[in-house]
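This report goes through one structure part by part. Please have the sequence and the 3D view open while reading.

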Amino acid sequence: MFSIATYFSVEALLLLLVTVALYVCLPQKARRYVLLISSYVFFFSISGKLLVFLLFSTLSVHHIGLWLSDVQNECSIRTKGLEREERKALNAEYNKKQRKIMAFACILHIGLLLLLKYTPFFSQNINALFGLLGLQLRIPVPKFLIPIGISFYTLQAVAYLFDVYRKKIPADRNLLRLALFMSFFPQIMEGPICRYSDTAEALYEAPKMHYGNFVLGSQRMLFGLMKKLVIADRLNLLIQNVYGEPNKYDGFVIALGAVGYTFQLYADFSGTMDLVIGTAQMFGIKLPENFKRPFFSATISEFWKRWHITLGTWFKDYIFFPVSMSKPMKKLTTKARKKLGNRYGPLIAGSVSLFCVWFCNGLWHGAGWNYIFFGMYHFVLILSGNIIEPVVIKITQKLKINRSAFPYRCVQIVRTFILVCFGEMFFRQESLKQGFKMFGKIFTDFTFKTLKDGLLFEFGMDRQDYLIIIVSAVLLFIIGILQEKGIEIRASIAKRNIAVQFAVYYALILFIVVFGAYGAGYVPLDPIYAGF
Amino acid sequence: MIYIKRIFVFIMFILGLAGLLVGSSYIFLPKSNGLNSGMEEFKANGILGEKENSIDVLFLGDSEIYCSVIPLQIWQSSGYTSYVCGTSGQTLDYTEVMLKRTFEKQSPKIVVMETNAIYRKFTVKNVIFTKVSDYFSVFRYHNRWKTMSIDEINKPAEYTFTDESKGYRLKTGIKPAVKDNSYMSPTDKILPIEKINRQSVERIKKLCDENGAKLIFFSTPSTKNWNYMRHNGIEALAKELKCEYIDLNLLTKEVPVDWKNDTVDKGDHMNYFGAKKVTSYLSEYLENTGLLADKRNDSDYKTWNEAAEEFNKNCPNKI
């Protein structure tokens, strides 16, 4: 049977080629159907009958959106010409009705996600708690098949409904457009998490394929393929070994594993995003960026504005702001201002909202204590950063340290990178206990013995593997610096004469073909974020 | 006009890319087929170094075949030259590759195909990768950048290495099987063969027919990999393709496998003692086909006698 395992598979490439061919050949009105059919074929080839979940979500989002719209229209008709007081009362009544609809929608969509993804985790923990309390009671631990991309398309669905509720966008009466927005095949598996206003119209319009977009999109796809095949897949053996049996290794190897995994995760996820955004660009669809050179971040807050950007903005818009602006939080802020002053007062309510965001962020990544810890770790880092920032400013002013100077920023970048690596170590290690052991080993058992005795080359990775990873990292670093300086590398290559363009493309293709970690002896890495 | 120009540019790009891949394939192709040459599956590919048209019987399959059949035992008992082109976890797309490679230089009269590989799953991706690698070997040997020297780049390929045990891998360890002969409980049920696998077997059969070789399906004893449902599946396939089928899992009198002593890993693979029994049966079977001639006294095959003597020295019990 035709089945797709990842974006980086021959089957996915075949589907893309067929889609591109049909897209180019067919008239504009038929192109949107090509995209929709390809999207459902893609989803079905991965999740099979679980396609029914996507269909259910699409239909229910469409229906609830229209329901909200009808309530809003009815409200505006009935409030027309009424006195202010009467209008206010009627608005309140309709707002209450809308809130009920939204609560229903959240229960339906978030509830389905919770049921499929988190029930086993909750059940196991309840049973563990019963055990601790000495109770014989046990609840069954169910196992569900989870449709691919549910964590991503559910957030898109909820965002759409909230935007309709907030009257940011009108409810879409066109089921085809909404279905396309929910299922667009390049992004269904790992995002980026799009807003309706970002992509729905463009997808429905299915613009003509332009040569420029085709070239730029292909460039980006190649670059993503390089990240995935040369870096992420090559690091797989090292990561599997270090995280599989961490007790065997000293602190140096564990630290190497932590840095290696952070780099692998970045190469895998940002490489996939390059492929996804590049594919969409070929069709003339602009998807939002998910990465903006995160390892150039000076603080953890900045890091999360550069890493998985669309998830961060989703949590900001649909959790942080609603919680911060809620009545209890407003009251809390007012009280805290009186007691703690204007600087620290608002931090209390902000911290509660931040806690909600990071708890959800951790849990969104997976049903496990390591993920919850990962969320809490970043919550503590960001919160403590907010609290101590004024103190740091004062100290640096007194010491006459220029905070915007290059060396100071370099120190900040290195510090942030180290903190991120620690967080990712807990994220990767399924057992929290093992995660702490690994963390402890870095400080208690750090030696360079492994470098001398050659153990480093016994993970299935030899000197050449390490060398090619370092070369690739340097390459990414240089590209990152150029991008930070605002240089649009892809566009500038596309502007060069054809011989230069060909030379660059051939060099990149040859680099992937020769240095890619595929074939005998390599285990390809399953797309990490597709598992979330 | 602009469209024609773009199509022209695209064609030029593809042609250039193909040229680049051909060139790099030449560079990365192993220049010999020995142990440290970078040649994949060098033991199985030792057949490339055998004298032209010198092999009578070709054995194909996965680890089951290279643990079960001892070509030098067949040589010593019947005088037939045979070679085991078995590789670990062999999928049928690779079986096809090995068969095609063999037919380029050899004309075996009999091709024996171990059936475990027929049930091994493989995907369109495997097929495409194998096909593309056949044309552009850089995909198969790209990893040689780690070990290649500059001198190798221009060197012509010369495949002269021959495996001293003709593809067989000697396993002398003993780990008794958990199950005994009960793993072959009779049933009418048939384990279906995947469509993609069936198509591959059909191509293998066609290739054998075109090269005048008789294809025989063969199931070596394995409590872990074989059962009656699989037997029924292969039997039906053999009937359909008009091939002979030998299932030693059912011929327990002819090949009395002692599951306590004849397996290296709890019934999965034969060890040397089990392989001896299997080979002994096969040797006799090949004699009965009447298709092959005894070459033991042929001076052209002197090296086989030398190889057999050398092999005997390494065996726990001489053949």
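## Interface between the chains

Chain B and chain A bury about 2100 Å² between them, and carbon and sulfur atoms account for 73% of that area. The model is a predicted one. On the chain B side, 22 residues are in contact with 23 residues of chain A.

Two salt bridges are counted between chain B and chain A. Lys146(B) forms a salt bridge with Asp462(A), where the closest N and O atoms are 3.3 Å apart.

## Domains of chain A

What do the two domains of chain A bury between them? The area is about 1500 Å², with 76% coming from carbon and sulfur atoms. In terms of residues, 23 from domain 1 of chain A are in contact with 18 from domain 2 of chain A. How many salt bridges does the rule find across the interface of domain 1 and domain 2 of chain A? The number is zero.

## A nonpolar patch on the surface

Chain A carries a nonpolar patch on the surface, formed by Leu340(A), Tyr344(A), Ile348(A), Ile387(A), Ile388(A), Val391(A), Ile395(A), Leu399(A) and Ile401(A). Together these residues have about 750 Å² of accessible area. The elements that give two or more residues to the patch are α13 (327-365) and α14 (369-398) of chain A. Of the contributing elements, α14(A) gives the most, with four residues.

Ile388(A), one of the patch residues, lies in helix α14 of chain A. Is Ile388(A) buried, partly exposed or exposed? Its relative accessible area is 45%, so Ile388(A) is partly exposed. The value falls between the cut-offs of 20% for buried and 50% for exposed.

## Gly48 of chain A

Gly48(A) sits in the loop between α2 (28-47) and α3 (51-79) of chain A. Gly48(A) counts as buried because its relative accessibility is 17%, and the cut-off for buried is under 20%.

Val10(A) is 38 residues away from Gly48(A) along the chain. The C-alpha atoms of Gly48(A) and Val10(A) are separated by 18 Å.

Conventions
Residues numbered from 1 in each chain as written. Chains lettered and ligands numbered in written order. Predicted model: local features only at pLDDT ≥ 70, side-chain atom pairs only at ≥ 80, totals over all residues. Heavy atoms only, no water. Patch = residues over 30% accessible without salt bridge, like charges linked within 9 Å, V, L, I, M, F, W, Y side chains within 5 Å. Areas by Shrake-Rupley, 256 points an atom, 1.4 Å probe, with all protein chains shown as cover. Salt bridge = Lys/Arg side-chain N within 4 Å of Asp/Glu carboxyl O. Buried < 20%, exposed > 50% of the residue type's maximum accessible area, 1.4 Å probe, protein only. Contact = heavy atoms within 4.5 Å. Buried area = accessible area lost by both parts, 1.4 Å probe.
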